Amino acid sequence: MISSRAMFSVIVLLGFFTLTLCASQYVFVNESKTWADAQRYCREKYTDLATIENEQQTIQLLDTVNDVSIDLAWIGLYDDLNSWKWTLEDSDFFKVGEKDFRNWNNPGPANSGVQSLCVYIKNGLWYTASCSNTFHATVCYDGRENASETYVFIYESKTWIEAQSYCREHHTDLISISNEIENQKIQYFLQDFYYYNVWIGLYRTWSWSDQSNSSFTYWSTWHPDTAGSCASVSFSDSGSWTDEDCNFAFPFICHSASASSRRYHFVNESKSWTEAQRYCRQNYTELATIDNMEEMNRLINTVNGSFSGLAWIGLYGDVNSWRWSLEDNDFYQEGERDFRNWHHQPDNREGNELCVYMDYNGKWFDMWCDYALPFVCYDGKDI
């Protein structure tokens with residue numbers, strides 16, 4: 001039987017390795033470390049710091065600790081200053097790189113409190129404030145065909161959350177600002193409202209160390225406050241979460257794995273994407289499908305030392321309709337077909353980059369399908 005502390009097995013043979021993927025479980029480590037050191041420890045020995053996705057997992061996590069003297073322990077949630085995103089989800093609104101445009105005041109958001117996760121504009125400069133406890137005016141964007149105005153000013157003071165709901169109900173969304181010209185246009189539009197702070201659609205949320213997209217939260221009362229940017233679970237408060245200084249030393253919880261039947265094989269032969277797909281279908285099941293960040297991290301942790309270049313995976317198509325070579329509907333849970341780990345991509349250079357490879361860090365890039373690369377296959381056979 002595979003130990004609960006064993007994440008995966010790797011077999012290197014004739015130019016390929018086999019990776020046994022796993023289901024998540026929690027491991028309590030009763031050693032006091034900073035959050036960063038705890039993260040490093042979990043990634044080296046298990047998978048990552050713990051991600052908690054629902055109440056059932058909270059109960060499971062509480063069961064890992066029997067010592068009543070333990071109060072706080074690190075989990076994988078942290079305040080990521082680089083996770084800003086726009087509430088407007090229309091991908092056609094933004095050109096390449098425009099989602100990253102910012103016009104922060106000096107010194108910018110790095111010095112704001114941990115509750116300052118939403119953005120308002122004043123005199124063309126951007127500032128952060130609490131999404132639920134700060135009240136400002138609003139500018140809605142209206143992109144509907146029959147709209148009489150593109151920008152609509154709302155005098156009534158609202159929280160960012162209320163402003164977002166209002167704009168989505170009555171117009172399209174809060175405004176998004178994609179470049180300097182647009183920022184100047186908004187500033188000109190607001191010149192008659194000089195004294196107003198005005199919400200825009202930029203915000204961020206706390207992030208999980210394994211880049212899970214879980215939106216589950218279980219904060220203690222009055223948390224997060226301004227104590228710190230890393231989350232701990234409180235065993236004395238039913239497993240609720242507190243924000244703490246990341247440099248404090250606490251015990252911590254990793255998530256590990258038990259064996260399952262999903263296997264991947266790295267084939268160290270250079271082939272075009274189509275040739276790689278044919279090889280995988282003939283010898284295994286399909287080119288690799290990577291449908292969540294935990295799987296991506298395990299894959300990269302495993303190939304580290306065996307793989308130092310680029311490799312095809314099973315994603316292909318075009319900028320607006322990427323899809324997986326593996327079409328088995330039973331393989332995917334809800335939302336997993338949409339998992340992506342792009343690195344400033346895709347850019348579809350010259351309109352011909354329709355297949356996807358990963359680098360040794362696990363980041364994804366689009367590339368000409370005829371380019372010759374090693375590749376990763378998925379094997380759906382039982383172990």
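Gln 277 is buried, with a relative accessible area of 14%; buried means under 20%, exposed over 50%, and partly exposed in between, with a 1.4 Å probe and protein chains only. This is a predicted model, in which local features need pLDDT of at least 70 and side-chain atom pairs count only at pLDDT 80 or more, while totals for chains, interfaces and linings use all residues. Residues are numbered from 1 along each chain as its sequence is written, and side-chain values use heavy atoms, with hydrogens and water left out.

Where does Gln 277 lie? Gln 277 is in helix α5. Helices here are DSSP runs of H or I of at least four residues, strands are runs of E of at least two, and both are numbered from the N terminus. Not counting residues up to four places away in sequence, Gln 277 touches Glu 286, Leu 287 and Ser 325, contact being heavy atoms within 4.5 Å. With Ser 325 there is a polar contact, side chain to side chain, at 2.7 Å. A polar contact is a pair of N or O atoms within 3.5 Å; within protein, one must be able to donate a hydrogen and the other to accept it, and residues adjacent in sequence count only if both atoms are side-chain atoms.

Helix α5 spans residues 273–283, and its buried residues are Trp 273, Ala 276, Gln 277 and Cys 280. Why are they on the same side of α5? Because they cover an arc of only 100 degrees around the axis, taken from the directions from the helix axis to the C-beta atoms. An α-helix has 3.6 residues a turn, so residues three or four places apart point the same way.

Next, strand β19, residues 355–358. Both of its faces are covered: Cys 355 and Tyr 357 are buried on one side, Val 356 and Met 358 on the other. Strand β17, residues 311–316, runs antiparallel to β19 and is joined to it by three bridges; strands pair if DSSP finds at least two bridges between them. Tyr 316 has Cys 355 as its bridge partner in β19. Cys 355 also stands opposite Met 367 in β20. Strand β20, residues 364–367, pairs with β19 over four bridges, again in the antiparallel sense. The two form a hairpin with five residues between them, and Gly 362 in the turn has a positive phi of about 85 degrees.

Now the charged pairs. How many salt bridges does a search of the whole structure find? The search finds nine, a salt bridge being a side-chain nitrogen of Lys or Arg within 4 Å of a carboxyl oxygen of Asp or Glu. One of them joins Asp 37 to Arg 40, with the closest N and O atoms 2.6 Å apart. Both residues lie in helix α1, residues 35–45, three residues apart, about one turn of the helix. Asp 37 is partly exposed at 33% relative accessibility, and Arg 40 is partly exposed at 45%. Another salt bridge links Arg 43 and Asp 48 at 3.1 Å. Arg 43 is partly exposed at 34%, whereas Asp 48 is buried at 0%.

Last, the totals. The protein has six helices and 21 strands. Of its 383 residues, 51% count as buried. Among contacts with a separation of 6 or more, 72% come from residues 24 or more positions apart.
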